[in-house]
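Open the model in your viewer and keep the sequence panel beside it. This tour goes stop by stop: what to select, then what is there.

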Amino acid sequence: MAESTKTKKTGGSTKGAVKTTRQQNAEKGFTASTTLANNLQRVLVDLLDLAIQGKQAHWNVVGRNFRDTHRQLDEIIDDARTFSDTIAERMRALHAVPDGRSATIAKTSSLPEFPAGEVSTTETIDLVTERLEAAVGTVRDVHDAVDEEDPTSADLLHAVIERLEQFAWMVSAENRSPAGR
């Protein structure tokens with residue numbers, strides 16, 4: 001374990017050196033349980049996968065209303081990336097270790113795999129809506145357990161739910177017809 005030396009000076013003279021270890025200087029405070037860390041990890045993985053799949057859709061969408069769909073995908077990607085960073089940093093603040101490696105995402109994401117190749121705007125809308133709803137499902141699934149242990153982390157989940165549900169509504173509206181017509 002590495003040690004550092006702190007020197008106290010009084011009136012220009014050195015009184016002595018105090019040796020401390022990194023462990024002694026470790027952060028204090030609330031530490032996430034394994035359950036809380038695992039629940040936040042589930043959310044993290046889905047958000048990372050949503051951003052990755054959003055980019056796949058963004059690069060390969062074709063057809064009517066391409067430009068609007070392309071731009072809307074950028075908004076989803078940006079928010080998924082921001083939320084994933086917020087969740088990962090919250091995990092670190094709670095002394096949990098986030099795992100955003102590609103193999104972990106591929107193995108543990110609850111989102112279905114996005115198809116390869118070009119995808120029509122109409123199909124892209126349906127596929128992205130499905131992935132938004134899957135990510136929201138994960139957040140809602142873990143929410144109550146997270147809230148019970150750490151209301152501050154649950155507050156972050158509220159923001160994720162609110163924004164992803166808004167995206168799901170807006171994206172899916174592209175393929176809908178007015179009710180009763």
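A salt bridge here is a side-chain nitrogen of Lys or Arg within 4 Å of a carboxyl oxygen of Asp or Glu. This is a predicted model, in which local features need pLDDT of at least 70 and side-chain atom pairs count only at pLDDT 80 or more, while totals for chains, interfaces and linings use all residues. Residues are numbered from 1 along each chain as its sequence is written, and side-chain values use heavy atoms, with hydrogens and water left out.

**Stop 1: the whole chain**

Show the cartoon. The chain has 5 helices and 4 strands. Helices (H or I, at least four residues) and strands (E, at least two) are DSSP runs, numbered from the N terminus. Read from that end, the order is β-β-α-β-α-α-β-α-α.

Now colour by accessibility. Buried means under 20% relative accessible area, exposed means over 50%, and partly exposed is in between (1.4 Å probe, protein chains only). The areas come from the Shrake-Rupley method with that 1.4 Å probe, and for residues only the protein chains shown count as cover. Of the 181 residues in the chain, 39% are buried.

**Stop 2**

Select α1, residues 34–60. Helix α1 is mostly covered, with 19 of its 27 residues buried. The expected span is 1.5 Å times one less than the number of residues.

Move to α2, residues 66–93. Its 28 residues should span 40 Å, and the end C-alpha atoms are 41 Å apart, which agrees.

**Stop 2: salt bridges**

How many salt bridges does a search of the whole structure find? The search finds 8. Three of them follow.

Select Lys55 and Asp74. Their side chains meet in a salt bridge at 3.6 Å, N to O. Lys55 sits in α1 and Asp74 in α2, so this pair ties together parts that are 19 residues apart in sequence. Is Lys55 buried or exposed? Lys55 is buried, because its relative accessible area is 18%. Asp74 is partly exposed, at 26%.

Next, select Asp79 and Arg163. Their side chains form a salt bridge at 2.5 Å, N to O. This pair links distant parts of the chain: Asp79 belongs to α2 and Arg163 to α5, 84 residues apart. Arg163 has 21% relative accessibility, so Arg163 counts as partly exposed.

Then select Asp99 and Arg101. Their salt bridge has an N to O distance of 2.8 Å. Asp99 is buried, with a relative accessible area of 19%, whereas Arg101 counts as exposed at 56%.

**Stop 3: positive phi**

Most residues other than glycine have a negative phi, and most peptide bonds are trans.

Select Asn65. Its phi is positive, near 65°, in a residue other than glycine. Asn65 lies in the loop between β3 (61–62) and α2. At 31% relative accessibility, Asn65 counts as partly exposed.

Now select His95, which follows α2. The phi of His95 is also positive, near 65°. His95 is placed in the loop between α2 and α3 (102–108). With a relative accessible area of 29%, His95 is partly exposed.

**Stop 4**

Select Gln166, in helix α5. Gln166 is partly exposed because its relative accessibility is 26%.

**Stop 5: a negative patch**

Patches are made of residues with over 30% relative accessible area and no salt bridge; like charges are joined within 9 Å, and nonpolar side chains (Val, Leu, Ile, Met, Phe, Trp, Tyr) within 5 Å. Lys and Arg count as positive and Asp and Glu as negative, with His and the chain ends not counted. The place of a charge is NZ of Lys, CZ of Arg, CG of Asp or CD of Glu.

Which residues form the negative surface patch? Select Asp144, Asp147, Glu148 and Asp155. Helix α4 (residues 121–149) gives the most to the patch, with 3 residues. Asp155 is found in α5 (residues 151–173). Asp155 is partly exposed, with a relative accessible area of 49%.
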